[in-house]
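This report describes selected secondary-structure elements of a single model. The sequence and the coordinates are displayed below.

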Amino acid sequence: MKCKMTILCEDQARMGFLDKKYSGQHGLAIFLEAGIKILFDTGPSDVLLENARTASVDLTDIDWIVLSHGHWDHADGLVALAENDIRAKLLCHPDVFVDRRKPTGQFNGAAMKREEAAAKFDLTESVEPFPIAPDIWFLGQVPRENDFEAINTPFHFYQDGEKYPDYLYDDTALALKTAKGVVVVTGCSHAGVCNICEYAKKVSGQDRLHMVLGGFHLLEDSEALEKTVDYFKREKPDRLYPMHCTALPALSKFYEAFRIEKLCAGDVISLDA
């Protein structure tokens, strides 16, 4: 498979020069070209449009917008896309649009509601794995099978006036089948990056990881971090790129173990596998 991925939003920006100055914002948006054009997550604002212009990426004819989950820093770029008359098929888990909150009660969900999203885009919601194209899957709801990821949550959501703990069951990823193994593109990995990778192998029918790229949601030096590093040591992916929502202690552990490269807004990754 040939695939080109351009990072349009990330917490940090690649150092630019003169007319190529990228902006970093807390969030994620990745533009994939693999026969079809997929925008995976949209960042928190119009920053993806700004960085797309800088990178000479045309978003006017994208085929799919895919949301990894319904947090503002991954979904609120939808508003900017709609305001700029960028239309596409929109794919997400149905829980993306719930009224989710931080422990303080502050709203932490997507600015665009389901009704508006359905009016502005061609909305498809799926809990199950969904084939976007030959050898490319939206994973849907990821099973949480290990004993160290997605166990606790500080968040909650409201439904029909009732308050519930928010384990972000909508958190999902993309899986791309290649001759060298599965490529996994994650948004924030609230479901656990190891859980996601195992499910991506199952859905794609492959037994090894070729590349894992995206948010890993490892925010502190913890048992989960140690077990995640151990997991990747066993799995031995050829390319490993922890990004958004991966804190410095975790990045340091990954660098020590794998000599990773940290990707930023403006970076381009090419895949030919």
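**Helix H7**

The model is predicted. Helix H7 spans residues 248-258, and its buried residues are Ala 250, Leu 251 and Phe 254. Seen down the axis of H7, these buried residues fall within an arc of 100°, so they line one face of the helix. An α-helix has 3.6 residues a turn, and residues three or four places apart therefore point the same way.

The partners of this buried side are helix H6 (223-235) and strand S15 (239-242), against which the buried residues of H7 pack. On the face of H7 turned away from the buried side lie the exposed residues Leu 248 and Glu 256. Just after H7, Arg 259 adopts a positive phi of about 55°.

**Strand S1**

Strand S1 comprises residues 2-9; because 6 of its 8 residues are buried, S1 is largely enclosed by the rest of the structure. S1 pairs with strand S16 in the antiparallel sense, and S1 and strand S2 also run antiparallel. The table lists the bridges of each pairing.

| Strand paired with S1 | Residues | Bridges |
|---|---|---|
| S16 | 268-272 | 5 bridges |
| S2 | 29-33 | 5 bridges |

Individual residues illustrate both pairings. Toward S16, Cys 3 has Leu 271 as its bridge partner. Toward S2, the bridge partner of Lys 4 is Glu 33.

Definitions and conventions:
Residues are numbered from 1 along each chain as its sequence is written. This is a predicted model: local features need pLDDT of at least 70, side-chain atom pairs count only at pLDDT 80 or more; totals for chains, interfaces and linings use all residues. Side-chain values use heavy atoms; hydrogens and water are left out. Buried means under 20% relative accessible area, exposed over 50%, partly exposed in between (1.4 Å probe, protein chains only). Helices (H or I, at least four residues) and strands (E, at least two) are DSSP runs, numbered from the N terminus. The arc is that of the directions from the helix axis to the C-beta atoms. Contact means heavy atoms within 4.5 Å. Two strands pair if DSSP finds at least two bridges between them.
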